[in-house]
Amino acid sequence: MGHAWQDEQTGPKGWQLFRRIPDDVPKRLVLTNGNHGVWPDRGKDEAEWFARWLSDGRSESASDSVPRVACYFETGNPSAADRRNHGEPFLADDFPFPQTCWTRYYLRSGERLLPSPGGETEPAGLYQVAHAPPSGRDRRAVYLIEFPEPTAICGPAVLTLWAKVTTVDTDFFVLIGDMAPDGQLYGLQRGLLRASHRRIDPQRSDYVELDGRKHLIRPHHSHTSLEPITPHEPTEYQIEIPAFGHVFRPGHKLALVIMQPAGPDPIGVTRSGAASYRYDSQPPPAAVAILHDAEHPSSVLLPLLPELPPLQDPPVSIDQQAGLQPASDPGAIR
């Protein structure tokens, strides 16, 4: 199985299908940044795999089990030049990677993501919802973190959002991006949740054990009941951010942007360069307050890797990495 994080057709959920296949069945998962069809070394991979399992000769050149997961980072855009546009893959036995350092960052005032929650009187963030697509600084809430050294993130993320809304329903759109030193934002992954569909099914959600406690890493929303918001009442939302993999280089920041859905999708694109689709979202006008105080600690759980994966030298610049598109209206993010 192969999938690219920004695939505009199949979506980044191949790892969930991979985990549904029993472990005694030969299986392999190949992951990379990119759009539909991006798969480094695909011809060699598939030829060896099919020779191993389907041919009469039963070639022994392809592994039948370990490592079962190969993940490529910073795969470059396809080039007319005959040159390798990717490094060696990061190999593991399962996904999410067993060595993942699940790390929680708290949304704080001043557009910050910090490892500690806010105090009793930490002020809330605020953005406006309107009929028109979000454009302008008051139409989104932005939170930033710059890692002290190059940092790799790979896996699903989840936003625990405490918010007050002035109406009975709204649509939350969450964009994870890389803000380059020049202020340009490149979209990596996004999540979406209608507030009235916030109920999750614990039995179908995914968790990890950390320090003796279960932590949610992928909420499964059942969409079987409608629960309108009580206006102005603090409410908790668990918003899935599907899996992605990326290395944040020095000078680059992870940006977490919360707003109503954009018009065109900022991630997936067609071959013509146009957005793959538009969101059918017509939320009522409202004000959304994102809470940061000790009683309502909004946070994002990120899948950090303890070490950098294999990377090309020199590195592939962010504007040449497959699947990464400059987000629109960058001036509203800075």
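So, contacts along the chain: if you take pairs of residues at least 6 apart in sequence, 75% of the contacts in this protein join residues at least 24 apart. Keep in mind that what we have here is a predicted model.

In terms of secondary structure, we've got 2 helices and 18 strands. As for overall dimensions, the C-alpha trace runs about 70 × 45 × 40 Å along its principal axes. The radius of gyration is 20 Å, and a compact globule with 334 residues would come in near 20 Å, so the two agree. Of those 334 residues, 53% are buried.

Strand 11 has the largest share, with 6 residues. If you sort the lining by class, you get 7 nonpolar, 10 polar and 7 charged residues.

Now two individual residues I'd like you to find on the screen.

Start with aspartate 45. You'll find aspartate 45 in helix 2, which covers residues 42-53. Is aspartate 45 buried or exposed? The relative accessible area is 16%, and the cut-off for buried is under 20%, so aspartate 45 counts as buried. Leaving out anything up to four places away in sequence, aspartate 45 touches Arg28, Val30, Trp39 and Pro40.

The other one is glutamine 99. Where does glutamine 99 sit? Look in the loop between strand 4, at 90-92, and strand 5, at 101-108. With a relative accessible area of 33%, glutamine 99 is partly exposed. Again skipping residues up to four places away in sequence, glutamine 99 touches Phe90 and Pro306. And if you follow the chain for 19 residues from glutamine 99, you get to glycine 118, where the C-alpha atoms of the two are separated by 29 Å.

Key:
Residues numbered from 1 in each chain as written. Predicted model: local features only at pLDDT ≥ 70, side-chain atom pairs only at ≥ 80, totals over all residues. Heavy atoms only, no water. Helix = DSSP H or I, 4+ residues; strand = E, 2+ residues; numbered from the N terminus. Buried < 20%, exposed > 50% of the residue type's maximum accessible area, 1.4 Å probe, protein only. Contact = heavy atoms within 4.5 Å. Nonpolar A, V, L, I, M, F, W, Y, C, P; charged D, E, K, R; others polar. Rg over C-alpha atoms; globule rule 2.2 N^0.38 Å.
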